[in-house]
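Visitor: I would like to go through some terms used for this protein and hear what stands behind each one.

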Amino acid sequence: MSGAPSAPGRKLGGISAVLPAMNDGGTIASMVLAARAALRRTASDYEIIVVDNGSRDYSGAVLAELASLLPELRVLSHEESLGYGGALRAGFSAASKEWIFYTDSDAQYDPLELGRLAEAAEGVDAVNGYKIARQDPWYRTLLGRTYHHTARLLFGFRLRDVDCDFRLFRRALLAAVPLESTTGTIGLELVKRFQDAGYRFAEVPVSHYYRRFGDSQFFRPARLWRTAKAFAALWVRLVLRKGRR
């Protein structure tokens, strides 16, 4: 990660940071502490919610130690995986502040760049990060680009990076636009529903880093197949059926 936060900028009233985690023992401590440092600079009131999504490594032990030291940290532990979308929805449901920020716990994004999102939040409902340069093996980059362009074509997205899990949005949006996805398609659903509801977006560039600990769950064949089916089902639900009304 970049290591040093940017100069203090605009502060928001309150932010709930939601970090879904699954076998991220090697990075979760640094992510929580970096999120805490960023939140202290960007919010008058804040909380950190980590959703331990069925981890089988030492993530639970690390989180228990952190929770004993940081009163602003809440850990939601699940013995079995809820799916990526399910984990995010659990974190969103537990959030209590005006704004929700979320990113993954594998350290491919830097929580210290939350300030960039906060700076762009004035007058909008959601701020979407977009990767300056994707730092992944070539095959993951290729799959990511295919996913991105297919989503833009089929769902009619106007954002430049629908696959960037570094977002800030007003919590009140979820009351009007409830989410249903339990898989990695939740990012698509969130952006599509917010866009169709007429909510205002801003976009800011964010850094992306090579994953140094653990393995991505998304790029396993079984996970890719489940995501493809969920992608198709989401398109039917949000695009095809809507077009027939």
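The questions below take the terms in turn.

Guide: This is a predicted model, where local features need pLDDT of at least 70 and side-chain atom pairs count only at pLDDT 80 or more, while totals for chains, interfaces and linings use all residues. Residues are numbered from 1 along each chain as its sequence is written, and side-chain values use heavy atoms, with hydrogens and water left out.

Visitor: Why is Lys-97 called buried?

Guide: Buried means under 20% relative accessible area, exposed over 50%, and partly exposed in between, with a 1.4 Å probe and protein chains only. Lys-97 has 16%, so Lys-97 is buried.

Visitor: What makes the link between the side chains of Lys-97 and Asp-45 a polar contact?

Guide: The term needs a pair of N or O atoms within 3.5 Å; within protein, one must be able to donate a hydrogen and the other to accept it, and residues adjacent in sequence count only if both atoms are side-chain atoms. The value for Lys-97 and Asp-45 is 2.8 Å, so the distance meets the cut-off.

Visitor: Where is Lys-97 placed?

Guide: Lys-97 lies in the loop between α3 (84–94) and β4 (99–103). Helices (H or I, at least four residues) and strands (E, at least two) are DSSP runs, numbered from the N terminus.

Visitor: What makes β1 and β2 a pair?

Guide: Two strands pair if DSSP finds at least two bridges between them. β1 and β2 have nine, in the parallel sense, so they pair. One of the bridges joins Leu-12 to Ala-43 in β2.

Visitor: How many bridges link β1 and β4?

Guide: Four, again in the parallel sense; Ala-17 stands opposite Phe-101 in β4.
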